[in-house]
Amino acid sequence: MMTLSPETFLTLTQWAGILTIVCAVVAGISFALKWGIRFRLVGTTGFMLVLTTGLFALSLFPIARTSVPGAVRYVVVYDNGANQAVISVPNTITRSELEATLQQAASDLYSLGRGSQNDAKLTIRARTILHPQPGISQPLILGQVQRSLAQRNDPDLKIDIYGDRLRQLPPPIAS
């Protein structure tokens, strides 16, 4: 499997650039010789130019995600696209895993496209579901993180872990 690093995209850009030049030469020859497909070749050359430009842009900015050690898998269950999101975590999560997972979610859910009318912070809440009795489900908010909507690497993440709610989680099952 090929790794999608900036260096890989730069190599693909070089090959796409060569193919774009070849397409342009063939399109030029088709106009000189008045071929019937000359306008299609111009379209192909234009498409190759757009493709080459896109690959070049991907070679400038890495698309790798940050990985926070100790974070567990989570599912985004609500996101208003602006300043609020809710993630679901397993009810076997520990305090350190919850903190790492909130940091991971803050990194993953950051986007320059998020807008906010008044609040310049993104708030992400972590919740789990408890089942106190068969057939009854109870959502439980375990913590939240607030991050800036303006800075990619926010140094002032504000993480709140609700210890009293963590103590309500079922004890781990001994193996």
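Trainee: Which residues does R147 touch, not counting residues up to four places away in sequence?

Mentor: Contact means that heavy atoms lie within 4.5 Å, and by this rule, with residues up to four places away in sequence left out, R147 touches A106, S107, Y110, A120, K121, L122, R152, N153, D154 and L157. This is a predicted model, in which local features need pLDDT of at least 70 and side-chain atom pairs count only at pLDDT 80 or more, while totals for chains, interfaces and linings use all residues. Residues are numbered from 1 along each chain as its sequence is written, and side-chain values use heavy atoms, with hydrogens and water left out.

Trainee: Where is R147 placed, and is R147 buried or exposed?

Mentor: Strands (E, at least two residues) and helices (H or I, at least four) are DSSP runs, numbered from the N terminus, and R147 belongs to strand β4, residues 136-148. Buried means under 20% relative accessible area, exposed over 50%, and partly exposed in between, with a 1.4 Å probe and protein chains only; R147 counts as buried because its relative accessibility is 3%. The side chain of R147 also reaches the backbone oxygen of A106 at 3.1 Å.

Trainee: Which residues of α2 are buried, and what covers them?

Mentor: In α2 the buried residues are L41, T45, M48, T52, L55 and S59, and what covers them includes α1.

Trainee: How far apart are the end C-alpha atoms of α2?

Mentor: The expected span of a helix is 1.5 Å times one less than its number of residues, so the 23 residues of α2 should span 33 Å, and the 34 Å between its end C-alpha atoms agrees with this.

Methods
Polar contact = N/O pair within 3.5 Å; in protein donor to acceptor, adjacent residues only side chain to side chain.
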